[in-house]
Amino acid sequence: MPETIAVTRALVTAPLPQIIEKLGLAIAQAQFALDTNSVELAKIMAETEVDIGDETHNLLSLGFLPSFYSFSEATVEAKLSFTMTESTETSVSVGASVGVSYGVFMAAASVDVSYARKFSVSTEGASSIAARLVSLPAPDIFTQILKRNFEQSIE
């Protein structure tokens with residue numbers, strides 16, 4: 001029985017708050033990496049020049065914008081099931097024999113006793129983490145600055 005109590009205690013005290021906290025931190029770090037990537041892509045676009053006719057333009061001045069992404073949803077799902085069984089088996093069998101041999105009376109008895117106690121614990125678990133990314137337009141202030149800095153009349 002002590003084993004079943006230990007397993008039950010471990011299952012009931014699963015660190016759900018820590019799992020949720022780690023998911024939140026992982027999403028925040030991933031979002032930061034996505035934002036950093038978009039900014040780095042904007043820098044590369046500003047440095048990449050294209051010759052059109054006798055003029056040179058960078059990709060930003062031609063209207064290209066880096067993609068921005070955001071996590072719109074994150075889900076943690078955990079399913080856990082466990083089964084505990086305990087059984088006790090007792091059996092008693094008695095046998096007796098009586099006999100007379102050469103004038104001597106003989107009696108014998110046999111007793112067979114068995115006792116078994118069985119414990120069984122089975123657990124099953126499944127978990128999944130899902131996150132949804134959505135593409136966002138470039139921030140308004142970013143596009144306004146680009147328009148102001150690269151505004152040219154194209155003839």
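A salt bridge here is a side-chain nitrogen of Lys or Arg sitting within 4 Å of a carboxyl oxygen of Asp or Glu. Going by that rule, the count comes to four salt bridges, and three of them get a closer look below. The model is a predicted one, where local features need pLDDT of at least 70 and side-chain atom pairs count only at pLDDT 80 or more, while totals for chains, interfaces and linings use all residues. Residues are numbered from 1 along each chain as its sequence is written, and side-chain values use heavy atoms, with hydrogens and water left out.

First, the overall layout. Three helices and four strands make up the secondary structure of the chain; helices (H or I, at least four residues) and strands (E, at least two) are DSSP runs, numbered from the N terminus. Along the sequence they come in the pattern α-α-β-β-β-β-α. Of the 155 residues in the chain, 11% are buried, where buried means under 20% relative accessible area, exposed means over 50%, and partly exposed is in between (1.4 Å probe, protein chains only). The chain exposes about 12200 Å², with 58% of that supplied by carbon and sulfur atoms; these areas come from the Shrake-Rupley method with a 1.4 Å probe, and for residues only the protein chains shown count as cover. As for contacts (heavy atoms within 4.5 Å), take those in the chain with a separation of 6 or more: residues 24 or more positions apart account for 71% of them.

Now for helix α2, which spans residues 16-47 and includes Gln 31. Gln 31 counts as buried because its relative accessibility is 17%. Leaving aside residues up to four places away in sequence, Gln 31 touches Tyr 69, Ser 70 and Phe 71. Tyr 69, Ser 70 and Phe 71 fall within strand β3 (residues 68-101). Glu 40 and Lys 43 are three residues apart in the helix, so about one helical turn separates them. Glu 40 is partly exposed, at 38% relative accessibility, and Lys 43 is partly exposed too, with a relative accessible area of 44%.

Next come strands β1 (residues 49-52) and β2 (residues 55-58), which pair in the antiparallel sense over four bridges. Two strands are said to pair if DSSP finds at least two bridges between them. Ile 52 stands opposite Glu 55 in β2. The hairpin of β1 and β2 has two residues between the strands, and Gly 53 takes a positive phi near 65 degrees there.

In one, the side chains of Arg 117 and Glu 86 meet at 2.5 Å, N to O. This pair links distant parts of the chain, with Arg 117 in strand β4 (residues 104-136) and Glu 86 in strand β3, 31 residues apart. Arg 117 is partly exposed, with a relative accessible area of 43%, and Glu 86 is partly exposed at 38% relative accessibility. In another, the side chains of Glu 89 and Lys 118 meet at 3.7 Å, N to O. Glu 89 lies in strand β3 and Lys 118 in strand β4, so this pair ties together parts that are 29 residues apart in sequence. Both ends are partly exposed: Glu 89 has a relative accessible area of 45%, and Lys 118 has one of 46%.
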